[in-house]
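Here is a friendly note for anyone opening this model for the first time. Please keep the view beside you as you go through the points.

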Amino acid sequence: MISSLLLIGGLGTPELIIILLVVLLLFGGKKIPELMKAMGKGVKNFKDGVNGIEKDLNDDAAEKKTDQSADDKSNAKKD
């Protein structure tokens, strides 16, 4: 099971270690936490945006359902 987790997209443990070393060399030890913090904020903003869209869609669906039931009641009173 653990070996399947380490093979992300065909990348093995040696490849991931090499990638991490290259990132460490490029950005340095002080810059990596800042990059991770910025990436975390970006992911959070993305999730908030997706949740906002889902909420809007659910609110619109509920509003349409309420409008439709109100129209049905008014049409029933006319008959």
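1. Let's begin with a term that will be needed below: a salt bridge is a side-chain nitrogen of Lys or Arg within 4 Å of a carboxyl oxygen of Asp or Glu. Please bear in mind throughout that this is a predicted model.

2. Now for the overall layout. The protein has two helices and zero strands. Helix α2 covers residues 13-78, and the protein has 79 residues.

3. How much of the protein is buried? Buried residues account for 1% of the 79 residues. The exposed surface comes to about 7200 Å², and 66% of that surface is supplied by carbon and sulfur atoms.

4. Do look at the nonpolar side of the surface too. A nonpolar patch of about 950 Å² is formed by L11, I18, I19, V22, V23, L26, F27, L35, M36, M39 and V43. One of these residues, M36, sits in helix α2. The relative accessible area of M36 is 45%, so this residue counts as partly exposed, since that class lies between the 20% and 50% cut-offs.

5. Next come the charged pairs. How many salt bridges does a search of the whole structure find? The search finds three, and the next points take them in turn.

6. Another salt bridge links D48 with K44, and their closest N and O atoms are 3.3 Å apart. Where do the two residues sit along helix α2? They are four residues apart, so about one helical turn separates D48 from K44. D48 has 40% relative accessibility and is partly exposed, whereas K44, at 51%, counts as exposed. Why do the two labels differ? Exposed means over 50%, and K44 has 51%, while D48 has 40%.

7. The remaining pair is K55 and D59, a salt bridge whose closest N and O atoms are 3.3 Å apart. These residues also lie in helix α2, four residues apart, which means that about one helical turn separates K55 from D59. K55 is exposed, with a relative accessible area of 52%, whereas D59 is partly exposed, with 38%.

Notes. Residues numbered from 1 in each chain as written. Predicted model: local features only at pLDDT ≥ 70, side-chain atom pairs only at ≥ 80, totals over all residues. Heavy atoms only, no water. Buried < 20%, exposed > 50% of the residue type's maximum accessible area, 1.4 Å probe, protein only. Areas by Shrake-Rupley, 256 points an atom, 1.4 Å probe, with all protein chains shown as cover. Patch = residues over 30% accessible without salt bridge, like charges linked within 9 Å, V, L, I, M, F, W, Y side chains within 5 Å.
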